[in-house]
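Open the model in a viewer and keep the selection tool ready. The stops below are given in the order in which to select them.

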Amino acid sequence: MSESLTTNALSARELEWGVNSEALLKEHREANGPIIRTRFPPEPNGYLHIGHAKSMNMNFSLAFDKLGVSAENRRTIFRYDDTNPEAESSEYIDSLNRDLTWLGWQPERTTYSSENFQTLYDMAVQLIKKGLAYVCDMTKDEMEAQRELARLRVVAKNKGEDPDKVAPIPSPDVLPGRNRNTSVERNLEMFENMKRGMYEEGKYTLRLKMDFESSNPNMYDLVAYRIKYVAHPHIGDKWCIYPAYDYTHGICDSLEHIDYSICTLEFETRREPYYWILQALDLYRPKVFEMSRLNVTYTVLSKRRLLKLVDNNYVRGWDDPRMPTISGLRRRGYTKDILNSFCNDLGTTRSMNIIEIEKLYQVARLSLAPTSRRAMVALDPIHVEITNWEEGTAGHEVEYDVMNSPTDESMGSHKLFLSKSFYIDSSDFRMKDDPKYYGLAPNKAVGLKYFGGNLVCDEVITKKGGKISLKCRLDKTEGRKKPKSYITWVPEDGIPCEVRVFNNLFTVPEPSSRWEEELNADSEVIHANAIIDPSVCELCDVKHVDKWHSNTALQFERIGYFVVDTDTTFDSTTKTGKLVFNRTVSLKEEAFKKVLTEDEARAIEERREKAKKDKEEKEARMQISSEDFFKLAPEYAGKYSKFGEDGIPTHDMEGNELTKSAKKKLKGERSKHEKALMKWKKQQEKKN
């Protein structure tokens, strides 16, 4: 690394094994020159999520900013850490690449850990020859018992206790293990046989001979290779033994001349094995930096849980708009600019924290407000017929030229046509009026957007099934009452559409181990019979819809920001096919209201009653003067028989004189009451 860097910007715990020799440093400088290289190494066993977006932002941008690396010397490798063929697929491999490209990151090159399998195998042979690896026939349960025994012995030793008494070794076959001292020749032969497919799956593993006396359990002879008779989605069926992640990723970092290996804090304890392996193979050791992982309220980012959401049909798939995956967020209407801006605002820290999802929503609002074309929609439409349409219009449609954006003239305008019949949303009408309600009601007037006058409801017609329609009149007379609100409307020839309103996936901010019970039943609300302003017709054509790109975004006036969904089949030429919209975010922050159980509602009511009682008791207490404090305060009333001129008790109820220390303590209590009185009186004066 020849460029002058802010070297302490990504500093973390150092290890002796992580120190490079001069020869290794020279070799690395010759390979990289002025280049500083990071890597983004996801495992292709699921779709990328918003936590990966933060990692990409760090590895492609923020890390270089922190280090002070000039733009021409920044390089990032996109690597598939594809060491587990059972969980990987070509679908995941393709989706990872598409999401990274969509977010705008351009890697120096794309690599695969699997393309290094021969090199990794050869290095494993080197470790066997050095006596640092051995073939092991322990089962998974036996290994877990062995590691737990080693851990208990280390804990005892660190406490100054005798490990042979606290956690005695029952047999050398358990610890250090029956295979640990097998000869090099035997291990080489068995490892070759593993490669040739001569043993059944799970019969043997190759383990690294590390340190059972370490305080770090990750040093308890990690598995480097296991037998798996599964074809690999990238390289096919060339191998039946596969290297483990912990063995692979450090070696690949070194082979690719990575300068900074950046991961999340849960990998901090893997620092020892990472450097142990590289030191054992005399390979270049990149600097390692761990940052806090991204945790967001009302969602989960565990790949295991995300997979379960998909497999158990809690959501439509990996790209369901409720999912925190890049594909799901894109389908919901979050653009690359929104996600990258959100990640930039987060920055990086080594402190564990939880980010309010409202922060993401607010970034979306700020990004979409100036760029989204406006349109009117009725989610649950009510048909309106104007009874005095002939007056002032001669029965003709009224045309309005409406700005696509009220703040940006360059976005142009569109035509709207008001006629005798149109639609309003059911949320803008009530059968029973209320002083705090500003929408339409029988015999009440509201403003009609763009019309310049009032809409007055004269009659409500109830149809079969309870559906209603309205007979109204338009009022543009001088001196008419100024309305308190203006409602939106959709022309008679509006386009039928389905609108999906998405809410938080979970009912609690931090889903627990019982997370499946905490799923929000109202995370998706579907308005199947919505109607939208026909001027958006061409914008929403299926020819513009692509699952790998950001689709057309609109601001539905007074409702929120929406995007055309990939389920859309609408043809603007024939006006046929289905038109579907997803809500990206509401126009303003919504308070999430959890449906309470009876116990929760009872507990809330009890807290309210207690708060009310406490308030009443405090007000009563503030009526007690300092002179009468020990006579009238509930905790002192009836305890004392005599008082001094200053009101301080001198004798208890039995006539015994109080000690000096007791009187001093009581003076202190009265002083507290006097201060409370003064504070309360000031508060009352402010209120009055």
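This is a predicted model: local features need pLDDT of at least 70, side-chain atom pairs count only at pLDDT 80 or more; totals for chains, interfaces and linings use all residues.

Start with His527, which sits in strand E22 (residues 524–532). Helices (H or I, at least four residues) and strands (E, at least two) are DSSP runs, numbered from the N terminus. His527 is partly exposed because its relative accessible area is 21%; buried means under 20% relative accessible area, exposed over 50%, and partly exposed in between (1.4 Å probe, protein chains only).

Residues are numbered from 1 along each chain as its sequence is written, and side-chain values use heavy atoms, with hydrogens and water left out.

The structure holds 49 salt bridges, each defined as a side-chain nitrogen of Lys or Arg within 4 Å of a carboxyl oxygen of Asp or Glu. Side chains of opposite charge can pair when their charged atoms come close.

Select Arg331 and Asp567. Their salt bridge has its closest N and O atoms 3.2 Å apart. Arg331 is in helix H12 (residues 326–332) and Asp567 in the loop between strand E24 (560–564) and strand E25 (580–586), so this pair ties together parts that are 236 residues apart in sequence. Arg331 counts as buried because its relative accessibility is 9%, whereas Asp567, at 32%, counts as partly exposed.

Arg500 is in strand E21 (residues 495–502), and the pair links distant parts of the chain, 67 residues apart. Arg500 is buried, with a relative accessible area of 4%. Now extend the selection to Asp319, Arg331, Glu498, Arg500, Asp565, Asp567 and Lys578: salt bridges that share partners join them into one network.

**Asp282 and Arg285**

The side chain of Asp282 meets that of Arg285 in a salt bridge (4.0 Å, N to O). Which of the two partners is buried and which is partly exposed? Arg285 counts as buried, at 7% relative accessibility, and Asp282 as partly exposed, at 49%.

**Two further backbone stops**

Asp221 also has a positive phi, about 50°, although it is not a glycine. Look for Asp221 in the loop between E5 and E6. With 0% relative accessibility, Asp221 counts as buried.

Then select Leu175 and Pro176, and display the peptide bond between them: it is cis, with omega near 15°. Pro176 is placed in helix H7 (residues 173–177).

**The largest nonpolar core**

In soluble globular proteins, nonpolar side chains tend to be buried together. Here a nonpolar core is a set of buried Ala, Val, Leu, Ile, Met, Phe, Trp, Tyr and Cys residues joined through side-chain atoms within 4.5 Å. Select Phe191, Leu206, Leu208, Tyr225, Tyr247 and Ile251, the residues with the most contacts inside the largest core, which has 40 residues. Among the elements that each supply at least two residues of this core are helix H8 (184–195), strand E5 (205–208), strand E6 (223–227) and helix H9 (245–255). Helix H4 gives the most, with eight residues.

**A distance across the chain**

Select Ser292, in the loop between E9 and helix H11 (303–311). Ser292 counts as buried, at 1% relative accessibility. Draw a distance from Ser292 to Asn503: the C-alpha atoms are separated by 27 Å, and the residues are 211 apart along the chain.

**Last stop: a charged patch**

Finish with Glu609, Glu616, Glu617 and Glu619, which gather in a patch of negative charge on the surface. Patches are made of residues with over 30% relative accessible area and no salt bridge, with like charges joined within 9 Å and nonpolar side chains (Val, Leu, Ile, Met, Phe, Trp, Tyr) within 5 Å. Glu616 is found in helix H15 (residues 598–621) and, at 45% relative accessibility, counts as partly exposed.

Notes. Accessible areas come from the Shrake-Rupley method with a 1.4 Å probe; for residues, only the protein chains shown count as cover. Lys and Arg count as positive and Asp and Glu as negative; His and the chain ends are not counted. The place of a charge is taken as NZ of Lys, CZ of Arg, CG of Asp or CD of Glu.
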